[in-house]
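The entries below follow the order in which I looked things up.

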Amino acid sequence: MKKYFILAAIIAVAFTSCKKETIVTEHDGEATVQFDAKVNNNDFVLNQNITIGARTYNFKNLRYWVSNVALVQANGTEVSVPNSYFLLEETNAVTVQDGAYTYPASKRENVVVKNIPQADYKAIKFSIGVDARHNDNLSLQAGELSQLSGMTNVSWMWHTSYIFSTLQGTVSDGVSTKNFKAETGLNTNYKTVTLNFPEAVKINSAKSTNLIFGLDIAKVLQNIDLITNPNVGAAQASIMTTLADNYAGAFSVQLVK
Amino acid sequence: MKRQLIILLLLPACFAACRKTDTSRGPVPVPQEVPAFFPTPAANIDNPLTQEGIELGRRLFYDKRLSGLNQLSCASCHHPDLAFTDGVALSQIGASGLPLHRNAPALFNMAWNSNGFFWDGGSTNLESQAFAPLTSPDEMHQNLFQLIDELKAVPDYVRRFEEAFSDGEISTGNIARALAQFQRTLVSAGSRYDRYRRREEASLNAQELQGLQLVQQRCASCHDGELFTDNKYHNNGIDADFSNEDAEGIYQGRFRVTRNPADLGKFRTASLRNLLFTAPYMHDGRFATLQEVLDHYDHGVKESTTLDPQMRQRAGQAGIPLDNNEKQAIIKYLATLTDTAFARNPRFAAP
């Protein structure tokens, strides 16, 4: 009898060792995670004059990586979304590789997460940018990471990094108008955000869940003077760090249901 | 008993179920070559060398399809018979025809470098390095989408990517991985000095031995060990003013990458191996001969706040004193570090 028990145990191990991912059950749920760009309480729109404080902006694009998404259960267990490197954007057409080709205009604010284990969830964790392992080796290309989407370019490839976020357009203070390009990148500017839900939400197969988060561009641009410094990038290290910190603090929970 | 047998028969089936359905043998692993007296190579967990990957990398390295106008390959600026340099100070053969800002670096013993590629270390590893020269409008100016399409149109490449990589795809990532694999096989340790070091029927004469001793005494703090480079960044006094911020800080050395003022004017230590192949010297190729280089260290070193302390060997003043006899001995010794077998190795040559 004991022998059978051991054999059964071996068989159990043999089968479980085949597993690559967590067991998918019929009770698993699905969630649509939306990152809704805003300016204060208004919708973020491209190609229109938008006033923030004493400045008037006209945005041409907003693009950023959301990576390593995890949902946090009420008991603290974190459920990681596999391969989660998502390019969120509201953008006019982007000229890539100095005009070699064009990335089409696009608006992408939703990420659909499937196979979420049935449970009560109290928070979401995600990062802005790309973790050091993938950022240091441009050939790894997990999820949506690619050299082909214009989120690296020659400047950044001479200094290995993805562009973690880019915000471009024009800015005016009534006296002068400047074209600006405010970008973040480099491992030190990889920021992780945790957002707690107002109350725990049940995710299961009974319904699809909507998780809507706001990204306030007014907060992103706090203390960034784009008239004086219209280019923010690796050569403006301290401003770039302020910008990266601003992104981390600019997300809020809008709706969880 | 019978039941037990059935269970036993089941066992191999369950284990077999774990295997991939694909029954192909997969690429053949190749160990990293490590010559005697060399240190342990840098860790390389994400891109293990395989016969198929190395051979694919070699073919890509020499393929002009990798440039926008299909007129340049990697080898256009990295000639194998010049230890993969191009013999000019600043190349002008790129897509824009503009002179580049920096001298084409030699390609050998890169498997030991975990401290950044390019003269300022801006590139973290070989896999990431390839994308800059591939896409730069002043170099190969290759549209990466187009490159994938061009390679997919070649059945031989379709087969080779399938054989070399588990996902079998012709992708930018796999192109970079194959190129990196080939480059890690470019190991140079076959000079007369190496054979002398390994006691393989080679000798150095008295003058060469004097040169060896001088290099060990006065140069080895940077040109360290059997690689003859510490793979670090130093200001060797060729300039004193690093205030020019043009071209994203290209003239500011390692500072471009770290933004740390202590790194102004620092560039990566070049290896002393294969110097007879790699003239002209320095990050911008400003010195045509080894004589000029040694004259610089003797009496041309410029003082600045970031000057390497080892550059002040003249009783605390800038410079490394060398008389003419010493310079000649060093030049003779450096010549023994020439690896002609490396420069002629058919494994590294165009397919």
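**Entry 1: the start of a helix.** I began with Asn205(B), which caps the N-terminal end of H9(B): one of its side-chain oxygens lies 3.1 Å from the backbone nitrogen of Gln207(B). I count a polar contact as a pair of N or O atoms within 3.5 Å; within protein, one must be able to donate a hydrogen and the other to accept it, and residues adjacent in sequence count only if both atoms are side-chain atoms.

**Entry 2: ground rules.** I noted that this is a predicted model, in which local features need pLDDT of at least 70 and side-chain atom pairs count only at pLDDT 80 or more, while totals for chains, interfaces and linings use all residues. Residues are numbered from 1 along each chain as its sequence is written, chains are lettered from A and ligands numbered from 1 in the order in which they are written, and side-chain values use heavy atoms, with hydrogens and water left out.

**Entry 3: the helix itself.** H9 of chain B runs over residues 206-218, which makes 13 residues. Helices here are DSSP runs (H or I, at least four residues), numbered from the N terminus. From first C-alpha to last, H9(B) reaches 18 Å, close to the 18 Å expected at 1.5 Å a residue. The expected span is 1.5 Å times one less than the number of residues.

**Entry 4: its two faces.** Which residues of H9(B) are buried? I found Glu208(B), Gly211(B), Leu212(B), Leu214(B) and Val215(B). They cover an arc of only 165° around the axis, so they sit on the same side of H9(B). The arc is that of the directions from the helix axis to the C-beta atoms. The face turned away from this buried side carries the exposed residues Ala206(B), Gln216(B) and Gln217(B). Buried means under 20% relative accessible area, exposed over 50%, and partly exposed in between (1.4 Å probe, protein chains only).

**Entry 5: what covers it.** The cover over the buried residues of H9(B) includes helix H8 (192-197) and helix H14 (324-335) of chain B. I then picked Glu326(B), which is in helix H14 of chain B. Glu326(B) is buried, at 15% relative accessible area. Not counting residues up to four places away in sequence, Glu326(B) touches Gln210(B), Leu214(B), Arg218(B) and Pro321(B). Contact means heavy atoms within 4.5 Å.

**Entry 6: nonpolar cores.** A nonpolar core is a set of buried Ala, Val, Leu, Ile, Met, Phe, Trp, Tyr and Cys residues joined through side-chain atoms within 4.5 Å. The largest has 57 residues, and Leu60(B), Phe61(B) and Phe161(B) touch the most other members. Helix H7 (residues 172-184) of chain B gives the most to this core, with six residues. Apart from it lies another core, of 56 residues, among them Phe35(A) and Tyr57(A).

**Entry 7: salt bridges.** I took a salt bridge as a side-chain nitrogen of Lys or Arg within 4 Å of a carboxyl oxygen of Asp or Glu. The count over all chains is 31. Glu55(B) and Arg58(B) form one, at 3.2 Å from N to O. They are three residues apart in helix H2 (residues 51-61) of chain B, so about one helical turn separates them. Glu55(B) is partly exposed at 22%, whereas Arg58(B) is buried at 12%. Arg286(B) and Asp284(B) form another, at 2.9 Å. I also noted a network of salt bridges that links Asp156(B), Arg159(B), Arg160(B) and Glu163(B).

Methods. Helix = DSSP H or I, 4+ residues; strand = E, 2+ residues; numbered from the N terminus.
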